[in-house]
Each structure stands twice: as structure tokens, then as C-alpha cells.
Protein chains: 2
Amino acid sequence: MNFQEEVQKFIQEHFQNTLPTIALDLVIFGFHENQLKVLLLRWKGGDYWMLPGGRVYKKEDVDDAATRILRERTKLEMLFLQQFHVFGKLNRSSYFSAQETYKLLGIENLYSPDFRDVSVGYYALVEYTKVNPVADNFSDECRWWSIDELPCLLFDHNDIIRVALKTLRRQLSYQPVGYNLLPEIFSMTDLQSLYETILGRQLDRRNFYKQMMTYGILELSESSPKIASRKTPYLYRFKKERYEQLLDDEELTIG
Amino acid sequence: MNFQEEVQKFIQEHFQNTLPTIALDLVIFGFHENQLKVLLLRWKGGDYWMLPGGRVYKKEDVDDAATRILRERTKLEMLFLQQFHVFGKLNRSSYFSAQETYKLLGIENLYSPDFRDVSVGYYALVEYTKVNPVADNFSDECRWWSIDELPCLLFDHNDIIRVALKTLRRQLSYQPVGYNLLPEIFSMTDLQSLYETILGRQLDRRNFYKQMMTYGILELSESSPKIASRKTPYLYRFKKERYEQLLDDEELTIG
DNA sequence: AAAAAATCGCGTACTTTATACGCAAAACTA
DNA sequence: TAGTTTTGCGTATAAAGTACGCGATTTTTT
């Protein structure tokens with residue numbers, strides 16, 4: 001059984017167990033070396049990249065399916081995951097036409113001009129170092145890409161990432177961010193770098209410090225030095241109760 | 001052909017032309033007599049109410065389908081319409097079980113425990129007086145309901161309205177609202193009443209006035225009196241360019 | 001008809017939040 | 001050892017948000 005047949009068989013079986021028409025796409029954000037990263041998959045045998053995604057089992061909540069897919073790719077539990085947009089255009093191809101895409105994927109025989117998927121976009125924030133990227137059945141490789149060095153992705157996935165980033169930026173203005181993107185212990189500078197990277201602009205160090213302090217989401221880690229200096233800055237952790245209180249004030253998690 | 005058979009025939013035909021699994025639900029907001037209203041449909045022959053909704057034709061953008069449904073119910077064009085959440089739980093019934101719901105609707109024979117829909121929620125802002133509510137094929141009646149006097153709706157539609165309202169309230173904090181909810185010419189008090197109703201709290205008249213002026217979205221109508229007073233307050237209209245500029249800054253309309 | 005109450009536009013004072021920038025201590029650079 | 005960088009923390013100023021006053025006009029009350 002060659003690759004095409006194998007994929008075809010898998011797809012057919014998978015489609016029988018999952019909801020038709022609905023697909024999920026996940027924009028999984030990580031943060032490393034002052035860069036915002038996104039987890040991408042490389043399709044088997046080619047050099048074409050796409051977002052991790054999947055389908056919803058017939059007896060599964062849509063949000064649960066997104067959680068499952070995120071867990072499969074990252075091997076992580078308990079993450080920040082939020083649906084942000086539905087991508088439902090008839091033509092969801094940016095750089096390659098639909099037919100071209102099937103050809104690139106080596107499954108040209110599966111192409112049908114009538115087929116379409118409506119995709120529910122989710123974005124997740126995960127801790128870069130804790131992630132062990134795992135490819136799925138259709139992929140050879142799963143790895144991080146820097147958000148400003150993305151290749152041309154399949155389907156409309158560049159658009160999806162753009163909207164996800166916009167949503168994340170907006171989230172930053174009314175909710176704290178960082179709990180799932182940073183290690184448990186971090187310095188104020190680490191947190192500020194994260195914010196600067198997401199927002200794409202510089203922030204004043206001293207004002208940032210003050211703002212975080214008034215939010216009350218940080219507490220000194222016990223490993224902090226008594227006297228802070230260049231080599232040994234204070235280390236913080238998030239006060240989870242307060243952090244999640246600020247999250248809950250605005251979250252929409254019904255459905 | 002009795003009602004059940006008629007409905008069944010219509011549903012089957014409709015389902016053949018539309019995408020499976022995906023439904024749309026519309027929360028259409030209007031404003032009248034200092035109350036926020038929502039457009040609801042009464043199912044044929046019963047006293048059970050639900051949100052207007054519909055399905056997506058196989059060759060139709062999802063957003064276009066929402067626009068079409070909104071137009072069908074209101075006979076209006078060019079409205080503010082925005083998708084806000086996907087409702088994808090396995091069990092989307094709040095007050096009546098799925099089977100019970102089918103019974104209430106008089107289509108018990110169509111019930112299947114395996115059937116499920118994932119619903120994309122849209123909310124719209126329309127001008128109350130301009131709307132001519134039109135029932136659909138399954139409904140006897142389409143009319144406005146005050147947002148705080150809603151009955152127990154079918155499915156999870158009370159939840160959907162709650163999330164829509166929350167989204168609308170948030171929108172108010174970073175975007176102007178009113179263009180599609182008020183008549184072309186209105187007084188400052190009218191606009192303030194709208195804001196107070198949406199936010200569910202009182203605002204200071206004088207501060208509200210100042211804030212709207214700094215936004216720069218209002219201009220005096222030519223029908224305004226030279227000297228304002230109780231009986232004859234100044235009348236305003238929206239400066240559309242400035243208004244839409246503020247909208248565009250934050251809108252997410254890809255997909 | 002006069003007094004009281006309500007509503008309108010517009011203004012001022014105060015408080016909270018956001019932004020700009022200063023400074024000393026520690027540690028690295030050379 | 002002198003200069004530079006990075007850290008925590010402070011102060012001054014600007015902007016945004018909130019409380020409330022006032023006179024003119026109209027409606028309601030008596």
C-alpha cells in the first residue's frame with residue numbers, strides 16, 4: 001500500500017468517526033529567545049507546512065476535541081485554549097488553489113471541487129520548553145516556527161495565524177498573559193519580553209514593573225536573592241488565584 | 001399532508017442543500033423604549049420560542065449565510081453582524097431535553113439520539129423601528145422580546161443570548177455602538193439610554209456627553225434647534241467616516 | 001400665576017491611570 | 001579603577017475617568 005492509499009484509507013476511516021464539514025485548526029503559541037513561536041506540521045513527504053488540526057468525534061464536545069488535539073501535539077495538560085474565530089469561506093486557499101493543494105499533498109485523487117470544511121480556530125498558549133512536539137499521522141515533522149519567519153502555509157492558515165495573533169494582542173489588554181507561556185519561575189524582564197513580543201513594541205521597564213505589581217498577580221519566588229542585581233534579579237511566580245480571577249472576569253466559556 | 005409531514009419534507013429538502021452539522025443562530029438586538037430587545041421566533045402551533053437561525057448552503061460562505069438569514073427575518077440590508085462564538089457541546093439543551101424538544105416541536109418522529117448540530121452564533125444590531133419581523137417556514141410568529149423578560153427558550157438559546165450580550169458589552173468598551181440601533185437623528189439622551197441599557201448600569205449624563213464628543217463620532221443635525229432645552233434638545237447624527245474608522249481599528253473580519 | 005422640580009448644554013475640580021524619566025546599588029567590562 | 005549595563009524602585013507630569021456645580025429653559029405642582 002503506497003502513501004496515497006494509506007492516507008486515503010486513514011482519512012476515510014477518520015471521516016467516518018467524526019463530524020462532517022467541521023474541522024479544527026489550532027494556533028499553538030510558544031515563547032522562546034524573545035520570539036513568539038507557532039507550532040506547525042510538515043506534510044508527509046513534502047516541504048509544505050500547516051497548522052495542527054483535526055476533527056470532532058461524533059460524540060465529543062467541540063471544545064473537548066480541541067483540547068484533545070492540543071494534547072496530542074504537545075503532550076501537555078491543563079493549558080490555556082480558546083476558540084477565537086470560525087473560518088467559513090468557500091475558498092479557503094491563500095497561496096495554493098484547492099486542487100493545487102491536494103496535488104502538493106500527494107492526494108490528488110481525493111480532490112473534489114464540492115468538498116469544503118468550515119474550520120473553528122483555537123489558539124493556545126503553552127510553555128515552549130515543556131512541549132515535546134509530536135507529528136500526527138499525516139505529518140513527518142512537528143516543530144516551532146518563529147511568528148515573523150513563517151513560510152507560505154497551506155489553505156488559509158497564514159490568515160488564521162494573523163487573526164489569532166490579533167486576538168491574543170487584544171486579550172493582553174484586558175487579561176493577564178504569561179501563565180502558560182513562561183516557566184514557573186521567571187524574572188520581571190522575562191515577563192516584559194513576552195509582552196513586548198506579543199504586542200510587537202517596546203515597553204518602559206519601570207512602568208511595566210509598576211503595572212504588574214498593581215495587578216497583584218505576582219509573588220516573589222523563594223529562590224529569589226535577598227538583594228537583586230544584574231546577575232541575580234528577583235524571581236517571581238504567578239499568584240494563581242489572583243491571575244485566574246482576572247481571567248474569569250472576562251472569559252466567555254459557554255458552548 | 002399534516003404539519004409533521006410538511007415540516008419533515010421541508011427539513012429533508014433543506015438539509016440536502018445545506019452543510020451538515022453546522023447551524024447558525026442569530027441574536028438580533030434592537031432598542032426600544034429604553035429596553036434592549038431580541039428577535040425571537042415562535043415554533044408553529046406551539047408556545048415555544050427560539051432564536052432565528054438557519055443553515056449554510058453548500059456553495060455559500062458562512063458569513064454570507066448569516067447575512068442572508070438576517071435579511072430574511074428583518075428585511076434590512078447593510079447591518080452590523082458579527083460572529084461571536086461556536087456552541088459545540090454534545091448536549092445543547094438547557095430547559096428541555098433533546099427528545100423532549102422534538103416532542104414539543106411536534107416532530108418527535110424526526111428525533112435521533114445521534115443527531116447533533118454545532119452552532120455558530122452571530123449577533124446583529126438593528127434599528128428597532130425599521131425592522132419588519134418575518135417568520136420563517138417553521139414559525140408562526142416573529143417578534144421582539146425584552147432581554148430581561150425572556151421565556152425559557154428551546155435548545156441552549158438562553159445561553160447563546162447571554163454570551164452575545166456579554167460580547168456586546170465588551171464591544172462597547174473599545175468600539176462605538178449605536179449606528180445600527182438608533183434612528184438616523186437622535187438626541188444625546190437617546191444615545192446615553194442605549195449605552196445604559198446595554199451596560200445595565202447608569203452613566204453620568206455630563207461625562208457621557210464629554211466622552212462622546214472626544215470620540216468625535218457625532219455631528220449636529222441640521223434639524224437641531226439653535227438653543228437647546230428640555231423639549232428641544234440638540235439632535236445629532238453619526239459621522240460615518242469617523243465611526244467606521246473606530247470600528248475598523250479593532251475588527252476581525254477575515255474568514 | 002408663581003413656585004418647585006426636571007432636563008438641557010456646558011464647565012470645573014478631583015481622582016485614578018498611564019507615560020516619561022531619574023537614581024543608586026550591584027556586577028560586569030576593560 | 002573608571003565606565004557601562006542591568007536591576008529595583010521612586011518621582012514628576014500628562015491623560016483619562018469620575019463627581020458634581022450652574023444657569024437657562026421647560027414642565028409640573030400648587
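Biologist: Which residues are linked with Arg42(A) in a network of salt bridges?

Modeller: Asp140(A), Glu141(A) and Arg143(A). A salt bridge here is a side-chain nitrogen of Lys or Arg within 4 Å of a carboxyl oxygen of Asp or Glu. This is a predicted model: local features need pLDDT of at least 70, side-chain atom pairs count only at pLDDT 80 or more, and totals for chains, interfaces and linings use all residues. Residues are numbered from 1 along each chain as its sequence is written, and side-chain values use heavy atoms, with hydrogens and water left out.

Biologist: What makes Lys9(A) and Glu13(A) a salt bridge?

Modeller: Their side chains meet at 3.5 Å, N to O. The limit is 4 Å, so the pair qualifies.

Biologist: Why are Lys9(A) and Glu13(A) separated by about one helical turn?

Modeller: Because they are four residues apart in helix α1 (residues 3-17) of chain A. Helices are DSSP runs of H or I, at least four residues; strands are runs of E, at least two.

Biologist: Why is Arg237(B) called buried?

Modeller: Buried means under 20% relative accessible area, exposed over 50%, partly exposed in between (1.4 Å probe, protein chains only). Arg237(B) has 16%, so it counts as buried. Its salt-bridge partner is Glu222(B), at 2.7 Å, N to O. Glu222(B) has 65%, so this residue counts as exposed.

Biologist: What does the pair of Arg237(B) and Glu222(B) tie together?

Modeller: Parts that are 15 residues apart in sequence. Arg237(B) lies in strand β10 (residues 235-238), and Glu222(B) in the loop between β9 (218-220) and β10 of chain B.

Biologist: How do you know that Glu196(B) has no salt bridge?

Modeller: The nearest side chain of opposite charge, Arg201(B), is 8.5 Å away.

Biologist: What makes Asp204(B) a cap on helix α6 (residues 205-215) of chain B?

Modeller: A side-chain oxygen of Asp204(B) lies 2.9 Å from the backbone nitrogen of Arg206(B), at the N-terminal end of the helix.

Biologist: How many salt bridges cross the interface of chain A and chain B?

Modeller: The rule finds two. Lys59(B) and Asp114(A) meet at 3.4 Å, N to O.

Terms used
Chains are lettered from A and ligands numbered from 1 in the order in which they are written. Lys and Arg count as positive and Asp and Glu as negative; His and the chain ends are not counted. A polar contact is a pair of N or O atoms within 3.5 Å; within protein, one must be able to donate a hydrogen and the other to accept it, and residues adjacent in sequence count only if both atoms are side-chain atoms.
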